[in-house]
Amino acid sequence: MISIGAQRRVFVSTRPVDFRKGVHGLVALVAEDLKCNPYSGDVYVFRAKRKDRLKLLLFDGSGTVLATKWLEDSGFAWPPAQDGVVSLTPTQFAMLFDGFSEWSRITLKTVKRPNKTA
């Protein structure tokens, strides 16, 4: 089971990638195109030209995980296709991964930190 806990950051590459790429090709893409560290423990999500497919890349500390998901009857609600990367919360990612189109409406509540007093 792949667990995307609150401590992990999730990044979606907004430009579609060649889905023939494997682990090494996507690691290179993270490092060179996205200017990120593919071994940081962050989750990197890639989209295909078709809206119904995604790949995710994750280094879990002992190895690199590459997972693919195809939706059978619908497509994923992707951010607009452009160069760059979009950061998602783990909750937004879970909704995107499950095929919900409303994931972009979910926002984090701002929690006021208490002041330290002596």
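Okay, ground rules: we have a predicted model, where local features need pLDDT of at least 70, side-chain atom pairs count only at pLDDT 80 or more, and totals for chains, interfaces and linings use all residues. Numbering runs from 1 along each chain as its sequence is written, and side-chain values use heavy atoms, with hydrogens and water left out.

Let's start with helix H2, residues 90-97. Helices here are DSSP runs of H or I, at least four residues, strands are runs of E, at least two, and both are numbered from the N terminus. Which residues of H2 are buried? Gln92, Phe93, Met95 and Leu96, where buried means under 20% relative accessible area, exposed over 50%, and partly exposed in between, with a 1.4 Å probe and protein chains only. Down the axis of H2, these buried residues fall within an arc of 160° (taken from the directions from the helix axis to the C-beta atoms), so they line one face of the helix. Their cover includes strands E1 (10-13), E2 (43-47), E3 (53-59) and E5 (85-88). Just after H2, Gly99 has a positive phi of about 90°.

Now, salt bridges: a side-chain nitrogen of Lys or Arg within 4 Å of a carboxyl oxygen of Asp or Glu. The structure has 4. One of them joins Arg9 and Asp42, at 2.8 Å, N to O. Arg9 sits in the segment before E1 and Asp42 in the loop between helix H1 (23-32) and E2, so the pair ties together parts 33 residues apart in sequence. Arg9 is partly exposed at 48%, while Asp42 is buried at 7%.

Finally, Arg50, Asp52 and Arg53 form a salt-bridge network.

Note on methods. Contact means heavy atoms within 4.5 Å.
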